[in-house]
Amino acid sequence: MRSISQPAPISHTLFPPPLLMLCAPRIAGLLPARVPEPEAPPDLKMFTYTHPGLAELPAAERERLLDGAKTLLDVALDFALHGLGEDALRAAEVVFHRAAGGHPPKHFSGPTAYNAEVDADVMTALVDLSRIRIPTREEARRELDEKMKAYRDQNGSDSWLSV
């Protein structure tokens, strides 16, 4: 690569000024930056559960059981990765126990078991809240337009708008 010299002004000292030499393409920004290659994502194995007994369950029970298992696995993963407390793991266990068709104990073995039952109620409510879907502005506008069109078709005009 050819270098371009940058002449320095003549100095009145006994020593000559240093000669600075830089590669021309780097000065002009013509070469791309040296960026390391991105690492390949880790090879994640998909988890699939196929048990013949799962097909024998009625659809509602199967859905309830799979939701309970998903909640348990989500909390267990957060427990392992982010240090979620053991109380949350116990509560998720109770949620799964209920989803599998288990009944709450008549007598709790101690405060920890009682708290897990109470926390499971809260966790179930939070999971149910997370499933609520809020429509976007466009979806709400489209729904309103459909209702307006249905009203116009039924009544022939927008008489309620002119009030």
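## The largest pocket

The residues that line the largest pocket of this predicted model divide into 9 nonpolar, 2 polar and 1 charged, where Ala, Val, Leu, Ile, Met, Phe, Trp, Tyr, Cys and Pro count as nonpolar, Asp, Glu, Lys and Arg as charged, and the others, Gly among them, as polar. Phe 47, Thr 48, Tyr 49, His 51, Leu 54, Leu 65, Leu 66, Ala 69, Lys 70, Leu 72, Leu 73 and Phe 96 make up this lining, and its largest share, 6 residues, comes from helix H2 (residues 59–82).

The space in the largest pocket is about 280 Å³, the volume filled by probe spheres set on grid points joined across faces, edges and corners. A pocket is an open set of points on a 1 Å grid over the protein atoms alone, where a 1.4 Å probe fits, with protein on both sides within 12 Å along at least five of seven lines, and lining residues have an atom within 4 Å of a point.

## Glu 117 in helix H4

Glu 117 belongs to helix H4 (residues 111–130), helices being DSSP runs (H or I) of at least four residues, numbered from the N terminus. Glu 117 counts as buried because its relative accessibility is 11%, and buried means under 20% (1.4 Å probe, protein chains only).

Leaving aside residues up to four places away in sequence, Glu 117 touches Val 94, Arg 98, Pro 104, Pro 105 and Phe 108, with heavy atoms within 4.5 Å.

## After helix H5

Just after H5, Gly 156 takes a positive phi of about 90 degrees.

## Basis of the values

Residues are numbered from 1 along each chain as its sequence is written, and side-chain values use heavy atoms, without hydrogens and water. Local features need pLDDT of at least 70 and side-chain atom pairs count only at pLDDT 80 or more, while totals for chains, interfaces and linings use all residues.

Notes
Helix = DSSP H or I, 4+ residues; strand = E, 2+ residues; numbered from the N terminus. Buried < 20%, exposed > 50% of the residue type's maximum accessible area, 1.4 Å probe, protein only.
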